[in-house]
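Please take a look at the model below. A short walk through its backbone and its metal site follows.

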Amino acid sequence: MTVQASCHCGAVKFKLNIQPEWLIKCNCSICSKLGTLWAHTLEKDAEITMPESATLAYKRKDASLAFHTCKTCGCTTHWWSVKRGEDERMALNMALLDPKILAQYRIRHFDGADSWKFTD
Ligand SMILES: [Zn+2]
């Protein structure tokens, strides 16, 4: 089953071709401010459809991830590794799903701010 969603204005669309076991609510400095619910995956299992310049890519200093946000509507849609091409890891912001579908998923709390462990 494919899971799909888009940002509010529809410029950025994504599909996930596998079912995530759970979604991750992380309390690190960036995820807590973005309010994201991540499905971690690999690029081969996900498809992102967007015009090339549709997103702003935010990288923290020394960061390994780039957080992508729609320039038009402000929704954070996904992150890609800054080594995209050699590092296939990525995550989709499942908070953009239809709320009725989102409600079916288990949400796990991850202590990305400190211990780097699940706290549930
Ligand atoms: Zn948008």
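Aspartate 62 sits in the loop that links strand E6 (55–58) to strand E7 (65–70). Strands (E) are DSSP runs of at least two residues, and helices (H or I) of at least four, numbered from the N terminus. This is a predicted model; local features need pLDDT of at least 70, side-chain atom pairs count only at pLDDT 80 or more, and totals for chains, interfaces and linings use all residues. Residues are numbered from 1 along each chain as its sequence is written, and side-chain values use heavy atoms, with hydrogens and water left out.

Aspartate 62 is not a glycine, yet its phi is positive, about 60 degrees. Its relative accessibility is 76%, so aspartate 62 counts as exposed. The cut-offs use relative accessible area: buried is under 20%, exposed is over 50%, and partly exposed is in between (1.4 Å probe, protein chains only).

Tryptophan 116 is in the segment after strand E10 (107–110). Tryptophan 116 also has a positive phi, about 65 degrees, without being a glycine. At 61% relative accessibility, tryptophan 116 is exposed.

Now the metal. Which protein donors hold the zinc ion? They are the SG atoms of Cys7, Cys9, Cys70 and Cys73, 2.3 to 2.4 Å from the zinc ion. Donors are N, O and S atoms within 2.8 Å of the metal (3.2 Å for Na, K and Ca); water is not among the atoms, so sites may look incomplete. The donor spacing in sequence is C-x1-C-x60-C-x2-C. Cysteine 9 lies in the loop between strand E1 (3–6) and strand E2 (13–16), and cysteine 70 in strand E7, so the pair ties together parts 61 residues apart in sequence. Cysteine 70 is buried at 3% relative accessibility, while cysteine 9 is partly exposed at 39%.
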